[in-house]
Amino acid sequence: MDARASLLSWVEVDSAALLENLLAFRQILTPHAKLLLVVKANAYGHGLPLVTRLAAASRVVDVLGVHSLEEAHAVRAAGWIGRILIMGQVARARLEELWTLDAELTLLDLETAEALDPVGRKRGRALACHLKLESGTHRQGVMASELAPLLARLREAPGVRIVGASTHFANIEDTTDHSYAEGQLHAFEEGVRQLERAGFASLERQTACTAAILTLPATHFELVRLGIGAYGHWPSRETRVSAQRAGGETFRLRPPLSWKTRIGQLKWIEEGSFVGYGCTHRAGHRTHLAVLPIGYADGYDRGLSGLAHVLVRGRRAPVIGRICMNIVLVDVTDVPGVAREDEVVLLGSQGSETLSAEHLAGWAQTIPYEILSRISPTAPRFVTREGQIAS
Ligand SMILES: *Cc1c(COP(=O)(O)O)cnc(C)c1O
């Protein structure tokens, strides 16, 4: 029996779509650039173990990028034996685990360097670190003014090996004007020159997220950090416009993820009846109401209340009333033949209809990144090929 038949909500990931996206990016990278796939936030909601295994099978991913130590553990547990880069903070008390995981670290400050050095010395193996340089995002990087003392300290730190330098763009998704990003690029290159003058050579330079990969090839360097694009989404409309202007109109992305549930109950309510908490919806007609066993606690944003549609039997059905913690109410009056336990698509395609992460993000006034990354990690995930569960 199909394992999905007994489930009330689950996520499907089409392996062919993910692979096509990875290959599409591989093709547009400058030839020597390595591809890091970002799998933070449960691989943008797709399921970290599943995406890790697909990345390994693809043979085009060189490095997996995670935010946290916990995610690095999950990547190893899923069987990945390749390079891992941690991009976020690691608590000083747990730095030893970087050695046991054989993970590389994005070095964000002098304090971490000082804590790493004795561990590396004791273990007789320096930890591979990528120095994050501040270039204008003012989030994680080492400020230009702090660089000289940090490099002086690092020269005396045999437990730490600087193998790369990185930065992250502040204003590349939100605009078609890339002057701020270009300014950041110059600041980054100046930082790299300072590193080289201090004797840190042969650095793996990495700056590009999806939007930079697509719009500024000068940012590719030795490694790119690909996130949302691998998951089949343009970072923004502006990125799409910029890429088209630069001649990338043939570039195609296909979202691999579908998010599904089943109708829990069906009932008819009379015209004038109120629906849900706060009585925010009053039925303007005798309404066939479907109760879905999913809600904001499962990642179906409460901001979608009264705005979103779901797909039932190939038709769009409106979400009415407020979204509850674990329940959503849908008007299925116009869905002929609707039945209990019918499959309902929250995100994805059914028949000729599609609900994209962009649609949901528009309704919920957020971005596809948030819609995807908040899909409950406890929902079962399946790899599918042409709709069938892949073994
Ligand atoms: C999440 C993240 C990325 C990926 O960004 P996308 O826009 O999803 O490609 C790249 N670099 C860093 C540092 C990140 O945190």
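Modeller: Start with the largest cavity: its lining residues divide into one nonpolar, six polar and three charged. (Nonpolar means Ala, Val, Leu, Ile, Met, Phe, Trp, Tyr, Cys and Pro; charged means Asp, Glu, Lys and Arg; the rest, Gly included, are polar.) This is a predicted model: local features need pLDDT of at least 70, side-chain atom pairs need 80 or more, and totals for chains, interfaces and linings use all residues. Numbering runs from 1 along each chain as its sequence is written, and side-chain values use heavy atoms, without hydrogens or water.

The largest cavity is lined by Lys 132, Leu 133, Glu 134, Ser 135, Thr 137, Arg 139, Gln 140, Gly 141, Thr 167 and His 168. Its volume is about 50 Å³. In total there are three cavities of 30 Å³ or more. (On a 1 Å grid over protein atoms alone, a 1.4 Å probe fits in a cavity but cannot get out; a pocket is open, with protein on both sides within 12 Å along at least five of seven lines; lining means an atom within 4 Å of a point.)

The largest pocket has a volume of about 1000 Å³. It is lined by 38 residues, and Glu 173, Ile 228, Pro 235, Ile 367 and Tyr 369 are the closest to its centre. By class, 16 residues of this lining are nonpolar, eleven polar and eleven charged. Four helices each supply at least two residues of the lining: H2 (40-44), H10 (237-245), H11 (357-364) and H12 (368-373).

The second largest pocket has a volume of about 420 Å³. Of its 22 lining residues, Pro 255, Leu 257, Ser 258, Gly 348 and Ser 349 lie closest to the centre. Two or more residues each come from strands S1 (9-14), S10 (257-262), S18 (343-350) and S19 (353-355), and from helix H11. Nine residues of this lining are nonpolar, eight polar and five charged.

(More than half of its atoms must lie within 2 Å of the grid points.) Around the ligand are 14 residues, and Lys 40, Tyr 44, Thr 210, Ile 228 and Tyr 369 come nearest. (The limit is a heavy atom within 4 Å.) This shell holds six nonpolar, three polar and five charged residues.

Note on methods
Points joined across faces, edges and corners; volume = space filled by probe spheres on them.
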